[in-house]
Amino acid sequence: MSGIYIHIPFCKQACHYCDFHFSTSLKKKDELVNALCRELELRKDEFKNTSVETIYFGGGTPSLLTNEELQVLIDSVYQNYQISEHPEITLEANPDDLSKDRIIELAKSPINRLSIGIQSFFEADLKLMNRAHNANEAIECLSVATRHFDNISLDLIYGIPGASNAQWLKNIEMALEFNVPHISSYALTVEPKTALASFIKKGVIEDVDDEQAHQQFHLLKETLEASGFVHYELSNFGKESYFSRNNSAYWQGKSYLGIGPSAHSFNGKQRGWNVSNNSKYIKAIQQNELPIEIETLTLTDQYNEYVMTGLRTIWGVSFYKVENDFGTVFKDYLIEQSKVFINQQLLYIDDGHLRVTKQGQFLSDGISSELFMLNSF
């Protein structure tokens, strides 16, 4: 099983917290779509012996593409790759792009999953983040989308400066009113060189409160689990049968192909990433060159990555897999390093798997780094 991620590097405006690669100019959109199709063709042999089960349009803002442009890209995938019988095809979309007519047209297309960037139902939060949509658009688009799509995920952000726990709970409750089967939720992170970092440094916006973010994470977890959601990955909650197949493949170490500027690829042994520049990407592809850097992962790198992704999920880290894939030295090291966290009730062992406890979930990335193997093999 494998997946294809297609990066659409365009946005209407820059969100204050975002450090992803994108452009607010759509001048090169036609050239970019053509280049994406060509890259799909150039790289088809990488998935020669595997079927594609997920196609994911991420960004940026993929909903800035027309339905016709999206269809051209989907057709290109089908022409060059072996596709499973019922693939998950996801479109990330912003509420301001999802008019009633647009949603109805999308529902007629092969796209069968929407991931909608709501982030908050409160106007003050949206303005602070410089989102392109307003609260009414968020509500209106969900009202229509839930009538035409069964498989919908929405994004929410917690830890926003000035947003109380009561307001955060209201955000969650409003999301639940739409009966969506999947919610992705992330702590607001202050990335270097973003507008948010600059505003905080200047005192225009108060800094993110890590303790409040921790409280809001647990409020999210308790509320969603009480509503029948499974907390299957640190930032993701899904009803049974509605886990993101695309993201689950990533966390379980399966292969994926990243198409487009700045997109990352992984085949288990190597990681690659395309140049983060639209013009350079288009020029290279037009010359039938792949503008990609490739890193071959050492056994240690592969082990560390497995531990990091595994501990973020309900599946945990399999001692059998560690011994089988990496060797007894790695298994013994993992057992020894995990003892202190087991004693602190942050990790536990169940059915041959190392997993995080409820207390440890918010800290899972930090715990993982303490379990990393530092010696290179």
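Two strands count as paired if DSSP finds at least two bridges between them. In this predicted model, strands β14 and β15 (residues 353-356) meet that condition, with 4 bridges joining them in an antiparallel arrangement.

The pairing belongs to an open sheet of 3 strands, ordered β13-β15-β14 and paired antiparallel. Its edges are formed by β13 (317-318) and β14 (347-350), each of which pairs on one side only.

Helix α11 covers residues 299-311. From the first C-alpha to the last, its 13 residues reach 18 Å, close to the 18 Å expected at 1.5 Å a residue. Of these 13 residues, 10 are buried, so α11 is largely enclosed by the rest of the structure. The buried positions include Tyr303, Asn304, Glu305, Tyr306 and Val307, along with Thr309, Gly310 and Leu311. Thr300 and Gln302 are buried as well.

Elsewhere, arginine 43 sits in the loop that runs between α1 (29-42) and β2 (52-59). Is this arginine 43 buried or exposed? Its relative accessibility is 2%, and buried means under 20%, so arginine 43 counts as buried.

The side chain of arginine 43 has polar partners. It makes a polar contact of 2.8 Å with the side chain of glutamate 39. A polar atom of the arginine 43 side chain also lies 3.0 Å from the backbone oxygen of glycine 258. Setting aside neighbours within four places in sequence, the residues in contact with arginine 43 are Tyr81, Leu257, Gly258, Ile259, Ser265, Asn274, Leu290 and Ile292.

Technical notes: Residues are numbered from 1 along each chain as its sequence is written. This is a predicted model: local features need pLDDT of at least 70, side-chain atom pairs count only at pLDDT 80 or more; totals for chains, interfaces and linings use all residues. Side-chain values use heavy atoms; hydrogens and water are left out. Helices (H or I, at least four residues) and strands (E, at least two) are DSSP runs, numbered from the N terminus. Buried means under 20% relative accessible area, exposed over 50%, partly exposed in between (1.4 Å probe, protein chains only). A polar contact is a pair of N or O atoms within 3.5 Å; within protein, one must be able to donate a hydrogen and the other to accept it, and residues adjacent in sequence count only if both atoms are side-chain atoms. Contact means heavy atoms within 4.5 Å. The expected span of a helix is 1.5 Å times one less than its number of residues.
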